[in-house]
Amino acid sequence: MEKKIILSGMQPTGKLHLGNLEGALKNWVSLQDDYLMHCCIVDWHSLTSEYTNTGDLKEKVFQMAVDYLAAGLDPKKCAIFVQSQVKEHAELHLLFSMLVPIPRLARVPSYKEKRKELGLDSYGFLGYPVLQAADILIYRANYVPVGQDQLPHIELTREIARKFNSLYGEIFPEPEAKLTKFPVIPGIDGRKMSKSYNNDITMGESSEQTTSKIMRMYTDPKKIYKGDSGHPEECPVYLLHQIYTPDYKNLYPVCHSGELGCVECKKLLAKNLNKALEPIRAKRKKLEANPERVWDVLESGAKRARKRARETMGDVRNAMGIF
Ligand code: TRP
């Protein structure tokens with residue numbers, strides 16, 4: 001049977017962290033055998049909020065590609081590419097922009113929230129989810145692996161596909177979100193791990209850096225001294241143990257009884273986390289020492305993506321009867 005198509009995308013924020021690794025990348029890696037994957041680094045999307053400071057964009061794209069490969073995405077199986085290298089995304093975005101009423105875009109939750117929070121009000125920012133729809137539909141993707149927060153964008157993508165099909169003929173499938181269940185990864189301050197909170201542990205940092213961050217990590221505030229009874233269910237260190245310590249269940253009773261102190265518990269986590277990250281870091285180092293190889297991967301990924309995108313655009317122009 002022919003493989004179904006997946007498109008996934010991430011904005012090039014620079015170095016990825018454990019939240020990105022556990023929440024998205026590992027899932028992508030697990031899908032690459034069974035689906036025709038397209039992993040897109042959406043650099044144009046990042047311009048919707050970061051248009052004044054564009055000088056480090058190429059470096060951020062590079063670092064993201066390194067993280068993708070180090071996490072185990074295989075360029076033989078999936079097309080790894082940069083959005084701006086496939087200009088057809090922009091062409092389809094332009095055509096889609098005719099189909100979407102402005103009030104519909106003004107109702108998109110991410111627009112309403114970020115407009116206020118970041119003071120963004122450009123035409124490009126309003127059109128963010130239309131560009132995302134073009135990213136997805138240009139490959140006629142069947143599935144889009146995303147988190148809950150992206151569901152409104154997938155819904156709009158489906159609406160655009162339906163509207164296009166009803167006006168010009170059946171060109172696009174209605175893609176479905178592939179929601180991934182993953183634990184929320186806490187940052188070192190106990191809030192959700194996020195680059196913007198500055199509480200992240202990146203995939204590529206040294207084991208010393210990682211250890212020092214874990215040792216500084218927020219823990220159950222009711223456990224102050226060794227001997228105090230702990231509450232693992234409220235402790236972000238225990239949450240990370242659940243991912244990186246195979247026999248984490250044994251820690252629960254000894255934390256609860258007060259036998260296990262936080263320092264010892266954190267040392268164990270740092271050890272296990274470093275062990276899990278070691279192969280990724282080693283792969284990262286190799287890739288960083290050989291940037292040509294990374295740019296080659298992106299180049300050949302773009303070639304593959306472009307081929308499919310051009311086919312779709314041919315059908316789109318035909319269906320619309322335009323040049
Ligand atoms: N909006 C997505 C995010 O912030 C990024 C993105 C852009 C995307 N285009 C996409 C995700 C296409 C999936 C499919 O995470």
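**Figure 1. Helix α8 gives the most residues to the shell around the ligand, 4 in this predicted model.** The elements β1 (5–10), α8 (128–137) and β4 (143–146) each supply at least two residues of this shell. The ligand is surrounded by L7, G9, V42, H45, Y128, Q132, D135, I136, V144, V146 and Q150. By type, the shell residues divide into 6 nonpolar, 4 polar and 1 charged.

Figure 2. The ligand taken alone exposes 360 Å², and the protein buries 86% of that.

**Figure 3. The rings of Y111 and F125 form one of the 11 aromatic pairs in the whole structure.** Their centres are 5.7 Å apart and their planes stand at 35°, so the pair is tilted. Y111 belongs to helix α6 (residues 109–118) and F125 to helix α7 (residues 123–126), so the pair ties together parts 14 residues apart in sequence. Y111 is buried at 10% relative accessibility, and F125 is buried at 7%.

**Figure 4. The rings of Y238 and Y252 form an edge-to-face pair.** The centres lie 5.8 Å apart, with the planes at 75°. Y238 sits in helix α11 (residues 236–244) and Y252 in helix α12 (residues 251–257). Y238 is buried, with a relative accessible area of 10%, whereas Y252 is partly exposed at 30%.

**Figure 5. The charged end of R191 sits over the ring of Y197.** The distance to the ring centre is 3.9 Å. The charged end of K178 sits over the ring of Y143, 4.9 Å from its centre.

Note on methods
Residues are numbered from 1 along each chain as its sequence is written. This is a predicted model: local features need pLDDT of at least 70, side-chain atom pairs count only at pLDDT 80 or more; totals for chains, interfaces and linings use all residues. Side-chain values use heavy atoms; hydrogens and water are left out. A residue is near a molecule or strand if one of its heavy atoms lies within 4 Å of it. Accessible areas come from the Shrake-Rupley method with a 1.4 Å probe; for residues, only the protein chains shown count as cover. Ala, Val, Leu, Ile, Met, Phe, Trp, Tyr, Cys and Pro count as nonpolar, Asp, Glu, Lys and Arg as charged, and the others, Gly among them, as polar. Rings of Phe, Tyr and Trp (its six-membered ring) pair if their centres lie within 6.5 Å; planes under 30 degrees apart count as stacked, over 60 as edge-to-face and the rest as tilted. Buried means under 20% relative accessible area, exposed over 50%, partly exposed in between (1.4 Å probe, protein chains only). A charge sits over a ring if NZ of Lys or CZ of Arg is within 6 Å of the ring centre and within 35 degrees of the ring normal.
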